[in-house]
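Subject: Structure handover and findings

Dear colleague,

Please find below the structure that I am passing on to you.

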Amino acid sequence: MAQQNLQITVAAPDPALLDLPWDVPLENWPTEVLAALPRGISRHVVRFVKLSGKVIAVKEIGESVAYREYELLRQLSRLDVPSVEPVGVITGRHDPDGEPLEAVLITHHLQFSLPYRALFSQALRPDTATRLIDALAVLLVRLHLAGFYWGDVSLSNTLFRRDASAFAAYLVDAETGDLHNRLTDGQRSYDLEIARVNIIGELMDLVAGEMLDDDEDTVAIGAMLVERYEELWTALTDEESFGAGERWRVAARIDRLNDLGFDVGELDITTDIDGTTVRIQPKVVDAGHHSRRLMRLTGLDVQENQARRLLNDLDAHAAATDRQNDEESFVAHDWLTQVFEPAVRAVPRELRRKLQPAQVFHELLDHRWFISKERERDVPLAEAIASYVDDVLRHRPDEDAVLGASGLDDQ
């Protein structure tokens, strides 16, 4: 049989891979193995496939490109850069007549993520395009800080997850990428220009398809990416000079970077010969300041803006219970067990695939504020949960839904 010639390269082998119809072209795979999830635009045939209670993405691609992209994604994962997680590469495929079929690259499906066109097909806020651009700018800065040249930056090659009132962006296609010790200014600028041109084209397609208002200035939105990128890159990397008597500015620079969601792993500090001028420049910056703090305090692994919102509620809980001077870890444990977890558990099981738990909690806090203002009284959390579930969450699309897929574990 043709499958006896398969060469399977995977980091964590799953015997169920052998049960998939590798002797059939991917575009002809039977519906019973497929997961009906929204797909973005791709130059290759891509299918979402059910495997051992999870979902994987399978992409037909040339053998050498498949192995190269697999290794790049593994390197990005080790660098903790937001990207899809690689599963493996399968080569040596043949159809029943012995004709060769293309190799496939397999990645894990990123739960609760959506391609940009799926987002615009929903009833979203008018500033959705702006929020996606902000997320893509952060992703591109993080990739460039890690020395990764993308080569084909676009909304189509990105997946988006809700992150409180913003979005978080993930690289989904590294086919044209390359990893260096450090990128030159020219490489960064060229990547940024590719992004600007591609995004303008993609937004024009949305306008033509009546998924975006035709009065939107697509060229201005493309330029906005460049502006947001440059602002963040400057804040993270620029050298700053000040007098020796202004050493407080070292802590102020670190605080500014923390506010942007970055930790400073290494700071280069130099003085001139007579010691009257101090120069500082961040050398190592790591994204995820708020998410790391929340993880340390509660064990919750969430997006950066979600973490910022949850930490704010934790601080409000400490103030409301007059525990600002208590050990932070003790207060965090009580907030987790008395506030966050009961709120999330109050969501009916059949609705838990709608959104990530942290996103549900963020929206619940927004909803509680809204109905408190509307009713002119402080609405208790339990009452707000019931209202949010019935009036908001129940009507939301399932962002972790696998239409027609049975037997997948509830989140």
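Is Glu-60 buried or exposed? With a relative accessible area of 9%, Glu-60 is buried, because the limit for that class is under 20%. Please bear in mind throughout that this is a predicted model.

Salt bridges

Glu-60 has a salt-bridge partner in Arg-93, and their closest N and O atoms are 3.0 Å apart. The pair links distant parts of the chain: Glu-60 belongs to strand E3 (residues 54–61), whereas Arg-93 sits in the loop between strand E4 (86–91) and strand E5 (103–108), 33 residues apart. Arg-93 has a relative accessibility of 1% and therefore also counts as buried.

A second pair is formed by Asp-334 and Arg-323, whose side chains meet in a salt bridge at 2.5 Å, N to O.

The salt bridge between Glu-383 and Arg-377 has its closest N and O atoms 2.5 Å apart. Glu-383 is partly exposed, at a relative accessible area of 28%, and Arg-377 is partly exposed as well, at 39%.

Nonpolar core

In soluble globular proteins, nonpolar side chains tend to be buried together. In this model, the largest nonpolar core has 54 residues. The residues with the most contacts inside this core are Leu-136, Leu-143, Phe-148, Trp-150, Phe-160, Leu-171 and Leu-225. At least two core residues come from each of helix H1 (63–78), helix H2 (116–120), helix H3 (128–145), strand E8 (158–163), strand E9 (166–171), H4 and H5. The most is given by H3, which supplies ten residues.

Surface charge

Where is negative charge gathered on the surface? Glu-210, Asp-213, Asp-214 and Asp-215 form such a patch. Within this group, Asp-214 lies in the loop between helix H4 (185–208) and helix H5 (218–237). Asp-214 counts as exposed because its relative accessibility is 67%, and the class requires over 50%.

The loop between E1 and E2

Two residues were examined in the loop between strand E1 (7–10) and strand E2 (46–51); Pro-15 is one of the residues placed there. Pro-15 counts as exposed, with 63% relative accessibility. From Pro-15 to Asp-263 the C-alpha to C-alpha distance is 41 Å, and the two are 248 residues apart in sequence.

Asp-19 is also found in the loop between E1 and E2. At 66% relative accessibility, Asp-19 counts as exposed. The C-alpha atoms of Asp-19 and Arg-292 are separated by 39 Å, and these residues are 273 apart along the chain.

Yours sincerely,

A colleague

Methods: Residues are numbered from 1 along each chain as its sequence is written. This is a predicted model: local features need pLDDT of at least 70, side-chain atom pairs count only at pLDDT 80 or more; totals for chains, interfaces and linings use all residues. Side-chain values use heavy atoms; hydrogens and water are left out. Patches are made of residues with over 30% relative accessible area and no salt bridge: like charges are joined within 9 Å, nonpolar side chains (Val, Leu, Ile, Met, Phe, Trp, Tyr) within 5 Å. Accessible areas come from the Shrake-Rupley method with a 1.4 Å probe; for residues, only the protein chains shown count as cover. A salt bridge is a side-chain nitrogen of Lys or Arg within 4 Å of a carboxyl oxygen of Asp or Glu. Lys and Arg count as positive and Asp and Glu as negative; His and the chain ends are not counted. The place of a charge is taken as NZ of Lys, CZ of Arg, CG of Asp or CD of Glu. Helices (H or I, at least four residues) and strands (E, at least two) are DSSP runs, numbered from the N terminus. Buried means under 20% relative accessible area, exposed over 50%, partly exposed in between (1.4 Å probe, protein chains only). A nonpolar core is a set of buried Ala, Val, Leu, Ile, Met, Phe, Trp, Tyr and Cys residues joined through side-chain atoms within 4.5 Å.
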